[in-house]
Amino acid sequence: MRKEDKNVVIANLGEMLKQYPHFYIVDTEGLNAEQTTALRRLCFKQSIKMVTVKNSLFQKALDAAETDFSPLYDALKGTTSVLFSGVANVPGKMLQKNPKSGIKALKAAYAEGGFYSANQLADLASLKSKDELVADVIALLQSPIQNVLSALQSGGNNIHGVLKTLSERS
């Protein structure tokens, strides 16, 4: 590969690092063309961008990024693919739900501003996305208000019923 081509690949990987805030480094050694295509389709359905990379070029792209990704360098060995995602837990859930996807193992990940090792797949899958956290907070804030409104509405019906009964008696 010519140096110019390598620079283009590094620049493209750098753009993906800027575009996608979360990525998983996975081992895809031994996948044939059919398995790779099936894995890419699975990723596409989940809005995950899968890129097979040369470890040295990906490390150069990580070096050029604003964030210090040096804890991930040890994971860059063997056949490597990177799963880029806009939501931190989507690739983790995909890997857990599809153990026969062809991915041998998670090597490392960068999600929600933190570094994760190969044995933390369950933690990654259980991470809540920003949207899920916002929904939880809104639900917690709405709960007391809904209880008060419900009590007022049911109390109003009871008072109305009592007043109607009293007026009918007189």
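Me: Which pattern does the chain follow when read along the sequence?

Reply: This is a predicted model, in which local features need pLDDT of at least 70 and side-chain atom pairs count only at pLDDT 80 or more, while totals for chains, interfaces and linings use all residues. Residues are numbered from 1 along each chain as its sequence is written, and side-chain values use heavy atoms, with hydrogens and water left out. Helices (H or I, at least four residues) and strands (E, at least two) are DSSP runs numbered from the N terminus; the chain has six helices and five strands, and their order is α-β-α-β-α-β-α-β-β-α-α.

Me: How many residues does the largest nonpolar core have?

Reply: Such a core is a set of buried Ala, Val, Leu, Ile, Met, Phe, Trp, Tyr and Cys residues joined through side-chain atoms within 4.5 Å, where buried means under 20% relative accessible area with a 1.4 Å probe, protein chains only. Among the elements that give two or more residues to it are α1 (3–19), β1 (22–27) and α3 (55–64). L17, F23, F58, L62, L72 and F84 have the most contacts inside this core, whose residues number 22.

Me: Is N89 buried or exposed?

Reply: N89 is found in the loop between β3 and α4 (90–97). Leaving aside neighbours within four places in sequence, N89 is in contact (heavy atoms within 4.5 Å) with Y24, L124, A125, L127, K128, S129 and E132. Because its relative accessibility is 3%, N89 counts as buried.

Key. Buried means under 20% relative accessible area, exposed over 50%, partly exposed in between (1.4 Å probe, protein chains only).
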